[in-house]
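Here are my notes on the model, as numbered points. Please read them with the structure open.

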Amino acid sequence: MTRSAIILVFLVFQLLPAVEARVVPDWPAEFYDPGAERGDPADLVLPLPCGGGMAFQKVEVPTDPENPLSDRPLRLGASDQDSGYLDYFVRAYLRGPFEDGDAGNTHYFLARYELTGDQFAAIENDCRDPSVPGRIPKSGLSWFDAVDLGRKYTEWLRSHAADDLPSRHGIPAFVRLPTETEWEYAARGGPVVDALTFGARRFFESGEGIDSYAWHQGTSRNKARPVGTRKPNPLGLFDIYGNMEELVLEPFRMNAVGRPHGQPGGVVTRGGSFRSIPGDLYSARRTEWPLFRISDGRPSAEDSFGVRFVLSTHVSVSDHHVAGIRDRWMNIFLNPVDDFDDPVAEISGLIQGETDARRRAQLERIGEQINLERRTRVEVGNNYRRSLVRNGSLLLWVIRDSNNEIRQLSRRRARLKVWLDRETNAAKRREFQENLARVESEMARQQPVRLDSLQNYAEILEIIASSAELEQYDEAIALLQQELETLGRVQLQELVEEFRRDVELYMERRDMSGRELLDLAVES
């Protein structure tokens, strides 16, 4: 290459925009993302001091990214009355701090594993070679220790790897403890599971062994185990049940029969630990610990306490964003759905006090319009509730019909397999094999029908159970029964009654598993 050509190449490279290189961990992946060793890498890996790394999973929250006031309503908690003051059903709301306009949702990042001993040492700048014992979660941390670790890690990331952090409006994320809602939403499987699985006590069927997912009292030998050695939950999070009970951000509050109680308390941990019995490992489980030990006044720091960090950012990240929030809020504030507790009564009062005939006539027309809109709204609501009940009842019929078909096909398949094993005649064997293939094909067609119907059934039950107007559904059921009686639809009348029974039973156990809901639906 000539001298002039070399100079030209040099000048071209000088004009190219600088590309920031990602900080890649020096540690082998088994020490910060064991799942990657099995071909399932984390969604995001951030560097740590000492050449280490920390793996995070992206948790999507389906909500409008264009509307900063939009968030996702959730039903969390469990149905056990004995522990209801701790973890009974509660309404919660969630929005991710990071926006994805293409996907039409928001998201946050939750650590894939509990903080290990090696990762703790790296954050404290105690550099050492990673090891298998170093993969055991760091224990003995108080809530104050955990919060301060998030601070230290954030400061290091902002100084050494700011471009690796997810950001919003150019503001990079920070590290903190997760809120209870963030933790439980992710523990249940977030958006990657269906409504039936999300609402269940656990993210797997009750017949599947807890040993596959968690280190607990029966398997742990009373000590924590290296992270990532059990199966992950549907979001790819490891040790979400058992191993270490994980500290969360906010203080404990009792469940006041569906809402947080007004008195803040001590430290909250989630997920259970290596000391928990299997029955205490479920998504809604909460434990309160004193913020300070009774014995010596020091911060509580049990050997079962662990940490799983989340990446977040503050809400008002820029002037432009704050202006958007203010505009949205003012629009709702200035244009409420109902300006008065009773607009008709308000208008009637104005009419009675108005002496001008022209203005009185205008107010009367406004009152008539409000009455018309109110009647229309009531009628639409009644039709919606009646339609929901009818659809739920029809889904009940589809579930039972497909379940009966699957059971009959299953029995027929079992008989064909027995006959096939006993038959020695080649022609007869071919006939049995062809019949068996047809039966299995029909079973494969029917099973998704039953599953989809069951999931839709669960969604309808949840809509009704979450309604503040349950008595209006009883009115809708009574009206529908009258219509069906007039039409002579006796079978559908019976299904409506059984659907109403299922609503009552579901409200008592809104976290039942798919198997339990199927048993409920097919029970005659």
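1. Start at Leu 115. In this predicted model, Leu 115 touches Met 54, Phe 120, Ile 123, Pro 137, Lys 138, Leu 141, Leu 149, Val 307 and Phe 309, leaving aside residues up to four places away in sequence.

2. Where does Leu 115 sit? It belongs to the largest nonpolar core, which has 33 residues. Leu 115 and Tyr 153 have the most contacts inside this core. At least two residues each come from strand S1 (44-47), strand S2 (53-61), strand S6 (105-111), helix H4 (117-123) and helix H5 (143-160). H5 gives the most, with five residues.

3. In soluble globular proteins, nonpolar side chains tend to be buried together.

4. Now check helix H13 (residues 490-508). Its 19 residues should span 27 Å at 1.5 Å a residue, and the end C-alpha atoms are 28 Å apart, so the two values agree. Which residues of H13 are buried? They are Leu 492, Gln 493, Leu 495, Val 496, Phe 499, Asp 502, Val 503 and Tyr 506.

5. Last, the whole chain. The protein chain has 14 helices and 14 strands. Of its 524 residues, 45% count as buried. Take the contacts between residues at least 6 apart in sequence: 69% of them join residues at least 24 apart. The accessible surface comes to about 27600 Å², and carbon and sulfur atoms account for 51% of that surface.

Key: Residues are numbered from 1 along each chain as its sequence is written. This is a predicted model: local features need pLDDT of at least 70, side-chain atom pairs count only at pLDDT 80 or more; totals for chains, interfaces and linings use all residues. Side-chain values use heavy atoms; hydrogens and water are left out. Helices (H or I, at least four residues) and strands (E, at least two) are DSSP runs, numbered from the N terminus. Buried means under 20% relative accessible area, exposed over 50%, partly exposed in between (1.4 Å probe, protein chains only). Contact means heavy atoms within 4.5 Å. Accessible areas come from the Shrake-Rupley method with a 1.4 Å probe; for residues, only the protein chains shown count as cover. The expected span of a helix is 1.5 Å times one less than its number of residues. A nonpolar core is a set of buried Ala, Val, Leu, Ile, Met, Phe, Trp, Tyr and Cys residues joined through side-chain atoms within 4.5 Å.
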